[in-house]
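Dear colleague,

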Amino acid sequence: MCAIQTSGLTKYYSGGKVKALEDFTINVEKGQIFSLLGPNGAGKSTFVKIMLGIVHPTRGNATILDKNIRDYSVHSNIGYLAENHRFPEFLTAKQVLYYYGKMSGVEKEVLDEKIPQLLKTVKLQDWINVKIRKYSKGMLQRLGLAQALINDPEILFLDEPTDGIDPVGRREVRDLLKLLREQGKTIFLNSHLLSEVELVSDQAAILKNGRMIEKGTIEDFISVKQQYQLKLENGQQQINSVCQKLNIPMTSQNGMYTVSIEDDAQLNHLIDQLREQKTNIQAVIPRKITLEDFFIKVLETGEGMGK
Amino acid sequence: MKFLAVVQLTFRESFAKKTFMGFLGISTFICLLFLFALNLDIVDGAQSYISIFGQEADQLIDLQKILLGLEGGVAVLLFTAGIFLSLFATSNLIPSLLRQGSIDLLISKPLSRTQILLGRYLGAISIVGFNIFYLVIFSWLIISIKTTIWNFGFLFAGFAIILTFAILFSLMTLMGIITRSGPFSLMITYLILFISPFLLQRDAIYALLSAKIYGYILDGLYYFLPRTAELGLITQQFVRGIPVTAWSAALTSIIFAIVMLASSSLIFSRKNF
């Protein structure tokens with residue numbers, strides 16, 4: 001069963017003048033972390049809001065756990081951390097979780113047990129009875145995360161979850177997301193922080209001007225096809241001569257040699273030749289770029305499925 | 001239970017406002033005034049000397065008159081200043097519900113938009129009801145014990161005051177949904193509140209106008225808009241224990257509130273946030 005399924009989801013504003021989201025189709029399997037990437041105004045938040053019934057789609061269909069998104073009962077299985085969320089400032093962290101937990105349909109007895117646990121998880125246990133108007137942005141973000149988890153949801157929609165959180169806190173959030181995935185939860189992530197997305201996500205889609213221009217696994221995005229990096233021990237002369245002989249383009253940087261090969265057979269042939277010359281090969285690594293590099297390249301060139 | 005959480009949260013939010021604390025303070029002051037400053041020396045079971053802050057009246061006064069005077073005074077105070085203050089204090093409840101970051105979280109819960117709106121509406125009614133009944137019940141108890149006359153009609157007057165607030169707040173809800181502005185919603189609601197006594201005199205106004213169409217317009221407004229002046233009359237009739245003569249005013253006003261709430265729900269359900 002897919003956790004999230006959409007088909008041709010579209011949202012226009014101002015009678016079609018503003019195309020916030022166009023023909024967006026995805027399937028997110030259960031137990032995955034799926035990230036939606038894109039510049040500001042690309043339609044990431046619009047998509048999440050449509051899925052949660054906050055924004056009505058102009059056309060298209062969507063289901064969450066096989067239930068139509070118009071059926072608000074599915075929200076019992078959803079946790080949501082909104083971007084720039086706002087809790088009533090006169091409440092304490094405990095009261096926020098109590099009221100929002102009750103709205104999610106969680107029983108009082110369960111809340112009494114769960115609230116201290118969750119606040120401990122997000123490192124707010126010492127602030128449990130402090131009014132949230134005294135909280136920093138990072139603390140409010142942690143509280144938002146706890147609120148999203150209060151009903152033990154199957155699916156989490158997190159819009160910029162690490163916004164305002166310091167590097168140590170970000171790492172803790174990342175670890176928490178991984179733990180939740182291990183527990184079988186599906187996480188839908190909107191984030192500007194590509195380095196984080198790269199570290200936790202299984203799949204991602206890139207949006208530009210409301211259209212999906214790329215979709216795939218993070219591994220697919222960051223791997224550069226037919227390029228390998230070789231780490232050799234004193235093998236500069238040997239690799240130069242072998243590459244010249246086999247007509248393989250090669251560059252070197254910081255003791256690493258990057259080769260562009262035609263296929264696996266050519267790579268194996270290159271390795272055989274180097275070994276024949278008694279070169280000590282320490283590592284053969286598929287060349288990778290950062291998700292940020294890929295993201296910028298895709299946005300600049302407009303490459304991808306949407307083109 | 002989920003729905004009740006919205007009501008409770010709205011109640012708490014309203015209670016955190018200083019206006020309601022002020023309201024509660026004034027109510028407490030009035031109750032204390034009745035408790036300590038008002039002294040009745042009952043002479044023959046039906047008549048009494050009354051003294052306030054030690055100043056005695058010159059002659060014996062009918063206990064019933066004292067009771068109706070005091071309870072009528074509280075009812076008038078609540079119907080005018082009480083409703084005025086309550087509308088003021090709740091004017092921002094709907095606009096604040098619709099703020100980005102707040103409404104998103106509520107809609108993401110397993111609640112329909114109608115439930116969210118109704119929860120907010122009932123939350124406002126419950127806080128105003130709490131404030132009004134705080135004064136009504138305590139002043140009723142004190143006055144009843146002191147006069148030994150138990151006028152249950154005064155309690156019904158409390159319901160009439162809350163009903164009037166609920167009718168006016170339904171209009172403020174619709175205005176809040178449409179404009180997202182507390183002050184604007186408040187201005188329109190005050191306008192409707194104050195227009196009612198004029199519409200009650202529509203025959204006199206119509207006599208000054210030439211075209212028949214004005215008569216239809218005034219009649220239309222009279223029957224459509226909340227008839228707050230007559231609701232005030234109903235409140236006084238409850239206090240005085242005389243039969244209510246203006247049930248149609250309550251009925252058409254309730255229909256107005258239902259129309260306002262249904263329209264609010266419809267518009268709210270179609271909005272994007």
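Over all chains, the structure holds 14 salt bridges, and please keep in mind throughout that this is a predicted model. One of these pairs is formed by D104(B), which lies in helix α5 of chain B, and K49(A), which lies in helix α1 (residues 44–51) of chain A, so this pair joins two chains. The side chains of D104(B) and K49(A) meet with N to O at 3.6 Å, and across the interface of chain B and chain A the rule finds 1 salt bridge. D104(B) is buried, with a relative accessible area of 2%, and K49(A), at 15% relative accessibility, also counts as buried.

Within chain A, E172(A) forms a salt bridge with K123(A), the closest N and O atoms being 3.7 Å apart. Because E172(A) sits in helix α5 (residues 167–182) of chain A while K123(A) belongs to the loop between α3 (108–121) and α4 (137–149), the pair ties together parts that are 49 residues apart in sequence. Both residues count as partly exposed, E172(A) at 29% relative accessibility and K123(A) at 46%. K123(A) and E172(A) are also linked with R142(A) in a network of salt bridges.

Within chain B, the closest N and O atoms of the salt bridge between E230(B) and R227(B) are 3.2 Å apart. Here E230(B) counts as buried at 10% relative accessibility, and R227(B) counts as buried at 4%.

Turning to the interface as a whole, 29 residues of chain B are in contact with 31 residues of chain A. The area buried between the two chains is about 2800 Å², of which carbon and sulfur atoms give 60%. M1(B), L105(B) and K109(B) supply 22% of the area that chain B buries against chain A, which is more than any other three residues supply.

Between chain B and chain A, the count of residue pairs in polar contact is 15, with both residues at pLDDT 80 or more. On the side of chain B that touches chain A, at least two residues each are supplied by α1 (2–15), α5 (103–107), α6 (113–147) and α12 (247–270) of chain B. The largest share of that side, 7 residues, comes from α1(B), and the residues of that side divide into 11 nonpolar, 9 polar and 9 charged.

Helix α1(B) also meets helix α2 (residues 93–103) of chain A, the two axes coming within 7 Å and crossing at roughly 145°. In this contact Q95(A), Y99(A), Y100(A), K102(A) and M103(A) of α2(A) meet K2(B), A5(B), V6(B), Q8(B), L9(B) and R12(B) of α1(B); the residues involved divide into 6 nonpolar, 2 polar and 3 charged.

As for chain B itself, its secondary structure comes to 12 helices and 4 strands, and its C-alpha trace spans about 70 × 55 × 25 Å along its principal axes. Of its 273 residues, 53% count as buried, and among contacts in chain B between residues at least 6 apart in sequence, 70% join residues at least 24 apart.

Leaving aside neighbours within four places in sequence, R120(B) is in contact with V6(B), T10(B), E13(B), L93(B), I94(B), S96(B) and L97(B).

With best wishes

How values were computed. Residues numbered from 1 in each chain as written. Chains lettered and ligands numbered in written order. Heavy atoms only, no water. Contact = heavy atoms within 4.5 Å. Buried area = accessible area lost by both parts, 1.4 Å probe. Salt bridge = Lys/Arg side-chain N within 4 Å of Asp/Glu carboxyl O. Polar contact = N/O pair within 3.5 Å; in protein donor to acceptor, adjacent residues only side chain to side chain. Nonpolar A, V, L, I, M, F, W, Y, C, P; charged D, E, K, R; others polar. Axes fitted to C-alpha atoms, helices over the stretch in contact; angles between N-to-C directions. Buried < 20%, exposed > 50% of the residue type's maximum accessible area, 1.4 Å probe, protein only.
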